[in-house]
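Please look over the model shown below before reading on. The numbered points that follow are meant to be checked against the coordinates.

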Amino acid sequence: MNQTAYAKINLALHVRRRREDGYHELETLFAFVDVGDTLTARAAAQDSVQTFGEFAGGIDNPMDNLVAKALGLLLRSEGLAITLEKNLPVAAGLGGGSADAGALFRIVEQTHGLPDDWMEHAAKLGADVPCCVRSETVVGRGTGTQLEPIDSDLTGTPILLINPRVPLSTGPVFDAWDGADRGALPAGTAREIALAGRNDLTQPAISICPSIGAVLDALEATDAWLTRMSGSGATCFALYDSEAARDAAQATITQSHPDWWQLAGKLR
């Protein structure tokens, strides 16, 4: 059985305040790209996780990643042997580990069923994991685990993802946020929220990883109708009206920055 761990992006990310528990109060619009990591599962006597792919080296211990932790939380009558093809960069603002865990939840759902409290289990693994289980466009509040459905008018929109191949941990970026509340997530359709929204972590991330600014400049020079950093970085994305415009942008940026990681797809 195969499942795609769809790349997560934040079409908008508003940071409202620091909480006493150390987390941050967020309002975000999650969306997902139709490509990502790949999980393959087969029945086995005991659980196991093996990784390969371009970014497998970014995982220090396969049995200590979110897929293995998700296996430990979801009790079953038999084990699962998981092979993870790691196509998404690690520490990149794409929810790669969370997306992998979300795909594992879907595998367990198909093979054994999920418990009624599966969302609580998912939230224990990370704030992005609950939304990654369904991998649908949704508004997230609180730490990102309070999910509100939204009809997406962006499904099928061509998207280009670019990462300067610089890993960027979430914690330091949040620590660099200036604490200013710049206002709530706007209302409207997914497209309207994306256009009127922002990512409050962009400048903090650029202060730590200046190459993010270069990526955004390169994307803004293309025929995109929206460019933005995803999550806490360092991956940025651009949305286009056509696949031809996206592919032309990718070709141009590949020529000028062949060392950058790129991924073309469509929003789910």
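**Notes on strands, helices and backbone**

1. In the pairing around strand β9, I162 stands opposite C236. This is a predicted model, in which local features need pLDDT of at least 70 and side-chain atom pairs count only at pLDDT 80 or more, while totals for chains, interfaces and linings use all residues. Residues are numbered from 1 along each chain as its sequence is written, and side-chain values use heavy atoms, with hydrogens and water left out.

2. Strand β7 (residues 158–163) pairs with β9 in the antiparallel sense over 4 bridges, and strand β8 (residues 226–229) likewise pairs with β9 in the antiparallel sense over 4 bridges. Strands here are DSSP runs of E with at least two residues, helices are runs of H or I with at least four, and both are numbered from the N terminus; two strands pair if DSSP finds at least two bridges between them.

3. A cis peptide bond, with omega of about 10°, joins G233 and A234, and A234 is found in the loop between β8 and β9.

4. Most residues other than glycine have a negative phi, and most peptide bonds are trans. Two residues deserve a check on this account. S135, although not a glycine, has a positive phi of about 55°; it is placed in the loop between α4 (129–134) and β5 (138–142), and S135 counts as buried because its relative accessibility is 2%. R165, also not a glycine, has a positive phi of about 65° and lies in the loop between β7 and α5 (170–176), where a relative accessible area of 42% makes R165 partly exposed.

5. Which residues of helix α8 (residues 211–220) are buried? They are I212, G213, V215, L216, A218 and L219, and what covers them includes β7, α7 (202–208), β8, β9 and α9 (243–256).

6. Helix α1 (residues 66–73) packs with helix α3 (residues 118–125) at an angle of about 145°, with the axes 10 Å apart; axes are lines fitted to C-alpha atoms, for helices over the stretch in contact, and angles run from 0 to 180 degrees between N-to-C directions. In this packing L66, K69, A70 and L73 of α1 meet H121, K124 and L125 of α3, where contact means heavy atoms within 4.5 Å. The residues of this contact divide into 4 nonpolar, 1 polar and 2 charged.

7. The structure holds 2 aromatic pairs, rings of Phe, Tyr and Trp (its six-membered ring) being paired if their centres lie within 6.5 Å, with planes under 30 degrees apart counted as stacked, over 60 as edge-to-face and the rest as tilted. One of them, F55 with W261, is edge-to-face, at 6.4 Å centre to centre and 80° between the planes. This pair links distant parts of the chain, with F55 in the loop between β3 (48–52) and α1 and W261 in strand β10 (residues 261–266), 206 residues apart. Both F55 and W261 are buried.

Definitions and conventions. Nonpolar A, V, L, I, M, F, W, Y, C, P; charged D, E, K, R; others polar. Buried < 20%, exposed > 50% of the residue type's maximum accessible area, 1.4 Å probe, protein only.
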